[in-house]
Amino acid sequence: DGKFGLDVVQGDDQFWVFDGSISYRLPKRYGLITVGAKNMFDNDFKFQDTDPTNPVISPKPLAFIRFTLSY
């Protein structure tokens, strides 16, 4: 505990999150429209991401729409 300025937090080191998305390709292959969600079932877990400004795993449910254009 507390070695090298690191605190150890007790807890489970395994968890599941459910993410899903669906995409529609625009006519003439101009791009994609994607609708999705992350952590859909709001699983509670403790996870320290290596890049907190750009998390890979969402600790709270998150819905998104993404537009990808090709030219």
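**Reading strand β3 and its sheet**

Ile65 is located in strand β3, which spans residues 62-69. The structure is a predicted model.

Q: How many strands does the sheet contain, and in what order do they lie?

A: Strands are regarded as paired when at least two bridges are found between them. Here, three strands form an open sheet in the order β1-β2-β3, and the pairing is antiparallel. The edge strands are β1 (20-25) and β3, each of which pairs on one side only. On average, neighbouring strands of this sheet are turned by 15 degrees against each other, direction ignored.

Q: How many bridges join β2 to β3, and which residue in β3 is the bridge partner of Leu32?

A: Strand β2 (residues 31-38) and β3 run antiparallel and are joined by eight bridges. The bridge partner of Leu32 is Thr68 in β3. Lys38, in turn, stands opposite Leu62 of β3.

Q: Is Ile65 buried or exposed?

A: A residue counts as buried under 20% relative accessible area and as exposed over 50%. Ile65 has 58% relative accessibility and therefore counts as exposed.

Q: Of the eight residues of β3, what number is buried?

A: The same cut-off for burial, under 20%, applies to each residue. In β3 the number of buried residues is zero out of eight, so the strand lies largely in the open.

Q: Which residues form a nonpolar patch on the surface?

A: Nonpolar side chains are joined into a patch within 5 Å, provided that each residue has over 30% relative accessible area and no salt bridge. In this model, Ile65 forms such a surface patch with Ile22, Val35 and Phe67. Together these residues have about 460 Å² of accessible area.

Conventions
Residues are numbered from 1 along each chain as its sequence is written. This is a predicted model: local features need pLDDT of at least 70, side-chain atom pairs count only at pLDDT 80 or more; totals for chains, interfaces and linings use all residues. Side-chain values use heavy atoms; hydrogens and water are left out. Patches are made of residues with over 30% relative accessible area and no salt bridge: like charges are joined within 9 Å, nonpolar side chains (Val, Leu, Ile, Met, Phe, Trp, Tyr) within 5 Å. Accessible areas come from the Shrake-Rupley method with a 1.4 Å probe; for residues, only the protein chains shown count as cover. A salt bridge is a side-chain nitrogen of Lys or Arg within 4 Å of a carboxyl oxygen of Asp or Glu. Helices (H or I, at least four residues) and strands (E, at least two) are DSSP runs, numbered from the N terminus. Buried means under 20% relative accessible area, exposed over 50%, partly exposed in between (1.4 Å probe, protein chains only). Axes are lines fitted to C-alpha atoms, for helices over the stretch in contact, and angles run from 0 to 180 degrees between N-to-C directions.
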